[in-house]
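I opened this entry to record what I looked up, beginning with a ligand site and ending with a set of strands.

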Amino acid sequence: MKRLIAAAAALLLLLPGCAEKRGTHTETRYDYFDTVVTVTAADMTDTEFRTAADAVWDELGRLHRLFDRYHEYAGMNNLKTVNDKAGTEPAEVDPALLDLCDFAVRMYGETDGRLNVMLGSVLDLWHEARERALADPASASLPDDAALSEAAAHTDIAALRIDREAGTLYIADKDASLDLGAVAKGYAAEKAAERLTGLGYDHVLLDLGGNIRAVGDKAGVPWTLGIRAPEGDCAALREVSSGTLVTSGSYQRYFTVDGQNYHHIIDPRTNYPAVGFVSVTVEAADSTLADALSTALFCMTEAEGRAVAERLGVTAFWLYPDGTLVHN
Ligand code: ADP
Ligand code: MG
């Protein structure tokens with residue numbers, strides 16, 4: 001019987017003019033940006049979804065390699081190349097890297113330096129401490145204070161030289177380095193969305209580990225998205241038809257020393273994890289902007305963040321440790 005049904009189904013597929021079934025699809029990969037990425041699409045055939053998802057993976061793969069701080073790839077200059085050449089010489093890079101650095105420098109100005117992509121030297125110390133702690137929790141320790149102060153002396157945004165004409169990036173301080181972790185996923189989501197739109201696809205939802213970008217609605221209805229509470233339930237629901245929702249949370253990546261958690265969003269004023277919120281979520285049209293702001297607002301008071309959010313025309317949601325959620 002099963003065989004008969006399979007044969008009939010195969011025949012149906014072969015019949016000329018027989019429309020492929022449309023429906024909802026989802027695919028998840030853990031290959032890029034050190035996070036789980038899910039592509040969901042509504043009202044698509046299998047063939048359309050394959051093309052759409054492959055375009056997304058292709059674009060994310062390309063940008064992942066470009067923004068990778070830790071690995072080199074044959075035949076390309078990436079973020080690691082730029083960092084390795086700090087204090088020595090400029091590196092010719094893909095225009096996407098110039099675009100994102102340009103944007104990040106602008107956001108440094110907009111956020112009073114709370115978003116600083118030149119924080120690499122300080123972030124490295126926290127990264128090492130986290131890796132050590134996760135490998136051996138019993139010997140977990142904080143970065144050394146003197147090392148943090150020394151590293152912080154090499155985080156000047158002015159040391160980042162973007163030469164549009166030459167197509168190069170140069171870091172004019174050999175002990176400084178770029179880290180695009182605060183903006184890379186938002187930018188990648190935006191670029192993947194552009195690829196989909198260019199191919200004529202909509203009704204797609206991209207989720208890059210909490211950076212959510214809607215490319216059109218869910219075939220006539222909005223997508224219902226949750227702002228996550230740390231226990232795994234929802235602090236609020238949002239109906240989104242296009243645009244983006246990006247969350248920076250203290251529960252995403254952390255390690256523990258003496259019962260205290262230390263997360264991965266560092267306040268450039270203290271060189272320590274920013275305190276005050278469980279998470280900050282930004283809803284906006286543009287995912288790169290939302291990603292930059294979710295990180296920056298996490299390093300500000302709510303009042304300071306409100307001023308920035310209102311000036312730039314985005315909605316922000318602040319989740320406090322007592323479970324209170326407020327927005328502008
Ligand atoms: P996530 O990547 O977990 O979604 P964010 O978008 O907030 O969260 O980015 C956090 C990452 O940004 C960190 O892992 C680190 O690489 C980098 N970062 C941390 N603090 C800052 C800061 N104040 N300015 C710029 N980049 C930062
Ligand atoms: Mg961010």
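My notes on the ligand shell and on the strand pairing follow.

I am working with a predicted model, in which local features need pLDDT of at least 70 and side-chain atom pairs count only at pLDDT 80 or more, while totals for chains, interfaces and linings use all residues. Residues are numbered from 1 along each chain as its sequence is written, and side-chain values use heavy atoms, with hydrogens and water left out.

Ligand site. I found 18 residues around ligand 1, with Asp179, Ser248, His264, Ile266 and Thr295 the closest; a residue is near if one of its heavy atoms lies within 4 Å. For polar contacts (a pair of N or O atoms within 3.5 Å), I noted that an oxygen atom of ligand 1 is 2.7 Å from a side-chain N or O atom of Thr295, and that a nitrogen atom of ligand 1 lies 3.0 Å from a backbone N or O atom of Arg114. The protein buries 93% of the 570 Å² that ligand 1 exposes when taken alone, by the Shrake-Rupley method with a 1.4 Å probe.

Strands. I then turned to strand β6, residues 204–208 (strands are DSSP runs of E, at least two residues), where four of the five residues are buried, meaning under 20% relative accessible area with a 1.4 Å probe, protein chains only. Strand β2 (residues 37–44) and β6 pair in the antiparallel sense over five bridges, pairing requiring at least two DSSP bridges. Asp207 in β6 is the bridge partner of Thr38, and Asp207 also stands opposite Ile212 in β7.

How values were computed
Chains are lettered from A and ligands numbered from 1 in the order in which they are written. A polar contact is a pair of N or O atoms within 3.5 Å; within protein, one must be able to donate a hydrogen and the other to accept it, and residues adjacent in sequence count only if both atoms are side-chain atoms. Buried means under 20% relative accessible area, exposed over 50%, partly exposed in between (1.4 Å probe, protein chains only).
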